[in-house]
Amino acid sequence: RIESIEQIVKKFGLEASFEYLLSDRDIEFPKPHPHIFLEAARLMGVTPKECVVIEDSLAGLKAAKDAGMRCIICPDPWGDEPLPDYTGADVMVKSLNEVTLEMLK
């Protein structure tokens, strides 16, 4: 929900870091459909191959890969998806603290 996204962005003082905020209200089809990621790429004026998605769910991983984007997966520790389901990820980390600039390149 956009309200949750806006609240988190505000809480951490990230308003100036994002030109666009997208949520389920901005798309026709939810994840695992790639629509939200394709719309984000379109708004930013980049191709899907130029994008890296950081995700925590199997639906998000599928949406990113179906969009033609690279995906770093950081499994939700409270999720119920077993780790083998994340094998399509380009990189898997246990914590967002492990994501490096080199991974993003």
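Reply: Val52 lies in strand S1, where strands (E, at least two residues) and helices (H or I, at least four) are DSSP runs numbered from the N terminus. The model is a predicted one, in which local features need pLDDT of at least 70 and side-chain atom pairs count only at pLDDT 80 or more, while totals for chains, interfaces and linings use all residues. Residues are numbered from 1 along each chain as its sequence is written, and side-chain values use heavy atoms, with hydrogens and water left out.

With a relative accessible area of 26%, Val52 is partly exposed, a class that lies between buried, under 20%, and exposed, over 50% (1.4 Å probe, protein chains only). Not counting residues up to four places away in sequence, Val52 touches Arg70, Ile72 and Leu104, a contact being heavy atoms within 4.5 Å. The C-alpha atom of Val52 is separated by 16 Å from that of Ser17, which is 35 residues away along the chain.

The strand belongs to an open sheet of three strands, in the order S1-S2-S3, with parallel pairing. S1 and strand S3 (91–92) stand at its edges with a single partner strand each, so one side of each has no neighbour in the sheet. Two strands count as paired if DSSP finds at least two bridges between them, and S1 is joined to S2 by four bridges. Glu55 has its bridge partner in S2, namely Ile73. Leaving aside neighbours within four places in sequence, Ile73 is in contact with residues including Glu55, Leu61, Tyr86 and Val91.

Helix H3 lies across S1 and S2 and runs at about 165° to S2, the angle being taken, on a scale from 0 to 180 degrees, between the N-to-C directions of axes fitted to C-alpha atoms, for helices over the stretch in contact. Within H3 (residues 58–66), Gly60, Leu61, Ala63 and Ala64 are buried. These four are on the same side of H3 because they cover an arc of only 165° around the axis, judged by the directions from the helix axis to the C-beta atoms. The cover over the buried residues of H3 includes helix H2 (35–44), strand S1 (52–55) and strand S2 (70–73). Just after H3, Gly68 takes a positive phi of about 85°.

The largest nonpolar core has 15 residues, of which Phe37, Val53, Leu61, Ala64, Met69, Cys71 and Ile73 touch the most other members. At least two residues of this core come from each of H2, H3 and S2. Such a core is a set of buried Ala, Val, Leu, Ile, Met, Phe, Trp, Tyr and Cys residues joined through side-chain atoms within 4.5 Å.

The cysteines deserve a separate word. The whole structure contains zero disulfides, a disulfide being a pair of cysteine sulfur atoms within 2.5 Å. Cys51 is in none, and the nearest cysteine sulfur, that of Cys71, is 12 Å away; Cys51 counts as buried at 7% relative accessibility. For Cys71, the closest cysteine sulfur is in Cys74 and lies 11 Å away, which is too far for a bond. Cys71 is buried as well, with a relative accessible area of 1%.

Beyond S2, the loop between S2 and S3 holds Pro77, which counts as exposed at 62% relative accessibility.
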